[in-house]
Amino acid sequence: MNQDIIVGDEVYWQPEQQRLAFSAHWQGRQVPCFITQHRLEHLAGQQLPDEASAILAFEQVRFDIEELVCERIEEEAFAPDGSISL
């Protein structure tokens, strides 16, 4: 687990974009983050046919996601709106 980045507990499925939305807390800021269904399936090593399975998989690979978010922040790979996409 990365102590510089804390991923919040609230995770939302965005069906139109086929991704999960969540936030990370970094240096006192709340950073909006997104992970695509495809990337999450790759990390989890399984197909995720619905919202419930995607959220469950997110929880199973939460620490990996924190590390990926940390890498993106260190690379300053922010979108124009300040978000991080995985």
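Predicted model: local features only at pLDDT ≥ 70, side-chain atom pairs only at ≥ 80, totals over all residues.

Let me start with R62. This residue belongs to helix 3, which covers residues 62-74. Is R62 buried or exposed? Its relative accessibility is 9%, and the cut-off for buried is under 20%, so R62 counts as buried. Which residues does R62 touch, once its neighbours within four places in sequence are set aside? They are V7, G8 and D9. With G8 there is a further detail: the side chain of R62 comes to 3.2 Å from the backbone oxygen of that residue.

I turn now to the aromatic rings. A pair of such rings is described by how far apart the centres are and by the angle of the planes. The model has two aromatic pairs. One of them joins W26 and F78: the ring centres are 6.0 Å apart and the planes stand at 35 degrees, so this pair is classed as tilted. Where do the two partners lie? W26 is in strand 3, residues 19-26, while F78 is in the loop between helix 3 and strand 5. The pair therefore ties together parts that are 52 residues apart in sequence. The partners can also be described by their accessibility. W26 is buried, at 16% relative accessibility, whereas F78 is partly exposed, at 26%.

Finally, I draw your attention to R19. The charged end of R19 is positioned over the ring of F34, at 3.7 Å from the ring centre.

Thank you for your attention.

Definitions and conventions: Residues numbered from 1 in each chain as written. Heavy atoms only, no water. Helix = DSSP H or I, 4+ residues; strand = E, 2+ residues; numbered from the N terminus. Buried < 20%, exposed > 50% of the residue type's maximum accessible area, 1.4 Å probe, protein only. Polar contact = N/O pair within 3.5 Å; in protein donor to acceptor, adjacent residues only side chain to side chain. Contact = heavy atoms within 4.5 Å. Phe/Tyr/Trp six-rings, centres within 6.5 Å; stacked < 30°, edge-to-face > 60°. Lys NZ or Arg CZ within 6 Å of the ring centre and 35° of its normal.
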